[in-house]
Amino acid sequence: WSSRCRKRYSKTRNNEENMTSDIISRTGMVIVLCLIQSLVLNNIHIFGIATPLLYIYMVVGFQRNYPRWAILVWCFLLGVVIDTFSNTPGLTSASLLVIGIIQPYFLQLFLQQDAPDDLRPGIITLGIAKYVFYVLVLTLIYCIVFFTIETFSFFNWLLWIECIGGSALLTIILILTIESTKRK
C-alpha cells in the first residue's frame, strides 16, 4: 500500500512541477510577445493596412489536451495586456478568445488518433503543409474577428478585406519564420 501512495505522491508532485514550469514559461512568453508587439510591431503599418500580430503565435502553440479553461485564461490575459498597451479596449481579448475556443477542436483535425497527449503543434510534429494550413486558418479567423470588431461597419469593405489579408499574411510569415528557426 505504501508503494502505491509513494507513486501517487510522486506523480502529483511531478504534475505540480510541470504546471509551475508551464506557468513560468507562458508568463515569460506573454511578456516577450507583449513587448515585441507594443514596442515594435504596432509601429509597422505596411501600405497603411497591414500590421503583424505576432501574439497569435502563443494560441497557435497550445499543446494537445491542454485544459480548455487554461487556454481561455491565457488568451484573455494576453488580450488584456495587448489591449492595454495598444489602446484597443477589449478588441484583442475578444478576438483571442474566439481562436482560443476554436484551437483545441481545430488541432484535433490534424492529429492522428495515436498521437501523444502532450503533442505541441509545429512544423516538425504536423509537417509543413498541415502546419501552414493550421496557422493560416487560425490567423484568418483571428483577423476576420479583429478587423470586423474594429471597423464595426461594412461601408468600406475593400479596406476591411485588405486589412485582413495583409495582416494575416504578415503574421503567418512571422510565425513560420519563428517556427522554422526553432526547428534548427
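Me: Reading along the sequence, what pattern does the chain follow?
Reply: This is a predicted model, so local features need pLDDT of at least 70 and side-chain atom pairs count only at pLDDT 80 or more, while totals for chains, interfaces and linings use all residues. Residues are numbered from 1 along each chain as its sequence is written, and side-chain values use heavy atoms, with hydrogens and water left out. Helices (H or I, at least four residues) and strands (E, at least two) are DSSP runs, numbered from the N terminus. The chain has 7 helices and 0 strands, and the pattern reads α-α-α-α-α-α-α.

Me: How much of the chain is buried?
Reply: Buried means under 20% relative accessible area, exposed means over 50%, and partly exposed is in between (1.4 Å probe, protein chains only). The chain has 184 residues, and the buried share of them is 40%.

Me: What share of the contacts with a separation of 6 or more is between residues 24 or more positions apart?
Reply: A contact means heavy atoms within 4.5 Å. Take the contacts in the chain with a separation of 6 or more, then pick out those between residues 24 or more positions apart: they account for 70%.

Me: Let's zoom in on helix 4. Where does it kink?
Reply: Helix 4 covers residues 91-108. The bend at a residue is the angle between axes fitted to the seven residues ending there and the seven starting there. In helix 4 a kink of about 35° comes shortly before the proline Pro104, at Ile102.

Me: How far apart are the end C-alpha atoms of helix 4?
Reply: The expected span of a helix is 1.5 Å times one less than its number of residues. Helix 4 has 18 residues, so it should span 26 Å. That agrees with the separation of its end C-alpha atoms, which is 27 Å.

Me: Which helices do the buried residues of helix 4 pack against?
Reply: The buried residues of helix 4 include Leu91, Leu96, Ile99, Pro104 and Phe106. Their packing partners are helix 2 (56-60), helix 3, helix 5 (123-126) and helix 6 (128-151).

Me: Is Ser93 buried or exposed?
Reply: Ser93 sits in helix 4. Leaving out residues up to four places away in sequence, Ser93 touches Phe76, Gly79, Val80 and Asp83. Its relative accessible area is 6%, so Ser93 is buried.

Me: How far is Leu72 from Ser93, C-alpha to C-alpha?
Reply: Leu72 belongs to helix 3 and is partly exposed because its relative accessibility is 31%. Not counting residues up to four places away in sequence, Leu72 touches Leu97, Gly100 and Ile101. Leu72 and Ser93 are 21 residues apart along the chain, and their C-alpha atoms are separated by 9.9 Å.

Me: Which residues does Ile178 contact, leaving aside neighbours within four places in sequence?
Reply: Ile178 lies in helix 7 (residues 157-183), and with a relative accessible area of 28% it is partly exposed. Ile178 and Leu54 are 124 residues apart in sequence, yet 9.9 Å apart in space, C-alpha to C-alpha. With those neighbours set aside, the contacts of Ile178 are Leu54 and Tyr57.

Me: Which helix gives the largest share of the lining of the largest pocket?
Reply: On a 1 Å grid over the protein atoms alone, a pocket is an open set of points with protein on both sides within 12 Å along at least five of seven lines, and lining residues have an atom within 4 Å of a point. The largest pocket is lined by 13 residues, with Asn18, Met19, Asp22, Tyr66 and Pro67 nearest its centre. Helix 1 (2-39) and helix 3 (68-86) each supply at least two of the lining residues. The largest share, 5 residues, comes from helix 1.

Me: What is phi near in Asn65?
Reply: Most residues other than glycine have a negative phi, and most peptide bonds are trans. Asn65 lies in the loop between helix 2 and helix 3, and it counts as exposed because its relative accessible area is 53%. Its phi is positive, near 65°.

Definitions and conventions
On a 1 Å grid over the protein atoms alone, a cavity is a set of points where a 1.4 Å probe fits but cannot get out, and a pocket is an open set with protein on both sides within 12 Å along at least five of seven lines; lining residues have an atom within 4 Å of a point.
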